[in-house]
Amino acid sequence: DGSPMSDSPPKGLNAFSIRRRKLRRGAQCFKARLLFRQTQTLCEDMIFKLVNSKVDLLMEIARELEWAPKTPLHPLNLTKPNAYSEDLVTYLDTTFASLALLPAAVRENVPLACCARVAERWLDIFKNNKFNLIGVLNLGCDLKHFENFAKKQPIPNLVRAFGEVRQLVNLLLSGRISRIVSTGSPKGKRSFSPTKTHSPPPCHKDLEKIDKMRLLDILQQYRSLRSSSAVLLPPGVRNFSRGEVAGVVRKLKAEIKRTLRGSA
């Protein structure tokens with residue numbers, strides 16, 4: 001048409017290029033954010049793995065201890081925990097403090113996971129190793145050490161992670177082991193008498209929270225003390241005979257079978 005030709009691109013094409021560059025930059029930012037989140041998740045997973053690995057290492061020391069000893073670990077101080085327990089609490093105290101700047105989910109879940117792991121390892125030790133009431137007393141000292149530590153942490157109800165272990169220890173030290181089998185009557189709630197030496201044993205309602213299949217396995221590892229060792233037990237703690245525990249095991253097996261048939 002005789003008009004001079006322009007070297008500049010059409011306005012529509014220029015606008016398209018700008019939009020394309022913006023989209024490319026947006027995609028790059030999205031990828032960067034996604035990579036950051038993935039890296040953050042990997043770091044958090046690594047924290048869980050490292051802490052759990054350390055917990056397992058120290059709890060392996062607990063597994064190697066004698067849980068059916070003839071005498072208490074510290075005869076003159078029945079409240080002193082094992083060395084592994086003190087070392088583990090010291091490690092966890094330092095580790096939990098180092099999580100202060102991490103997201104709230106990590107600060108809360110790492111302590112919960114660690115304490116639950118310790119409790120699970122204790123139950124596993126008693127499920128797979130012979131023990132007696134002096135061993136239970138020693139476990140009670142370790143447990144109390146962890147409970148005191150958990151109560152000082154800012155995580156609400158952290159001590160509940162040890163709930164099943166506490167119920168087991170209280171039950172075995174209650175002197176009324178035959179009452180672990182359900183009776184279905186309110187009298188079960190009054191069957192345990194607290195002693196001045198130990199924490200009150202759980203009521204019948206609390207015992208329902210104990211995994212009975214695991215309790216069955218644990219009771220079959222029980223070993224009665226000889227009279228020379230039984231005299232070392234604190235007041236209120238009774239040395240059960242193997243026959244008494246065997247009778248409870250039979251009743252517990254029958255109760256479990258009835259429960260399984262009822263749920264079938």
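User: Where is the place of N157?

Analyst: A quick note first: this is a predicted model, where local features need pLDDT of at least 70, side-chain atom pairs count only at pLDDT 80 or more, and totals for chains, interfaces and linings use all residues. Residues are numbered from 1 along each chain as its sequence is written, and side-chain values use heavy atoms, leaving out hydrogens and water. Helices are DSSP runs of H or I with at least four residues, strands are DSSP runs of E with at least two, and the numbering goes from the N terminus. With that settled, N157 lies in the loop between α4 and α5.

User: Does N157 count as buried, exposed or partly exposed?

Analyst: Let's check the cut-offs: buried is under 20% relative accessible area, exposed is over 50%, and partly exposed is in between (1.4 Å probe, protein chains only). N157 also has a positive phi near 60 degrees, although the residue is not a glycine. Its relative accessibility is 47%, so N157 counts as partly exposed.

User: And Q153, which residues does it touch, not counting those up to four places away in sequence?

Analyst: Q153 is in the loop between α4 (133–151) and α5 (163–172). With a relative accessible area of 14%, Q153 is buried. Taking contact as heavy atoms within 4.5 Å, Q153 touches D93, F96 and L158.

User: What pattern does the chain follow, read along the sequence?

Analyst: The chain has 9 helices and 0 strands. Read along the sequence, that gives α-α-α-α-α-α-α-α-α.

User: How many of the 264 residues, in percent, count as buried?

Analyst: Some background on the chain: it exposes about 16000 Å², with 56% of that supplied by carbon and sulfur atoms. That area comes from the Shrake-Rupley method with a 1.4 Å probe, and for residues only the protein chains shown count as cover. Looking at contacts with a separation of 6 or more, residues 24 or more positions apart account for 75%. Of the 264 residues, the share that counts as buried is 36%.

User: How many of the residues of α5 are buried?

Analyst: Helix α5 is mostly covered. The buried ones are V165, R166, Q167, L168, V169, N170, L171 and L172. R166, for one, counts as buried because its relative accessibility is 16%.

User: What is the handedness of the crossing where α4 passes α5?

Analyst: Two packed helices are described by the angle between their axes and the distance between the axes. Axes are lines fitted to C-alpha atoms, for helices over the stretch in contact, with angles from 0 to 180 degrees between N-to-C directions; those of α4 and α5 come within 10 Å and cross at roughly 140 degrees. A crossing is left-handed if the near helix is turned anticlockwise from the far one by less than a right angle, and right-handed if clockwise. For α4 passing α5, the crossing is left-handed.

User: Which residues of α5 meet α4?

Analyst: On the α4 side, the residues are L133, V136, L139, G140, L143, K144 and E147. The contact of α4 with α5 divides into 7 nonpolar (Ala, Val, Leu, Ile, Met, Phe, Trp, Tyr, Cys and Pro), 3 charged (Asp, Glu, Lys and Arg) and 1 polar residue (the others, Gly among them). R166 and K144 are 22 residues apart along the chain, with their C-alpha atoms separated by 8.8 Å. From α5, the partners are V165, R166, V169 and L172.

User: How are α5 and α7 set relative to each other?

Analyst: The axes of α5 and α7 (residues 212–219) come within 13 Å and cross at roughly 45 degrees. Angles under 35 degrees count as roughly parallel, over 145 as roughly antiparallel, 65 to 115 as roughly perpendicular and the rest as oblique. By that scheme, α5 and α7 are therefore oblique.

User: What about α7 and α9: which residues of α9 make the contact?

Analyst: The axes of α7 and α9 (residues 242–263) come within 10 Å and cross at roughly 155 degrees. That makes the two roughly antiparallel. From α7, the contact uses K212, M213, L215, L216 and L219. From α9, it uses V245, V248, V249, L252, K253, E255 and I256.
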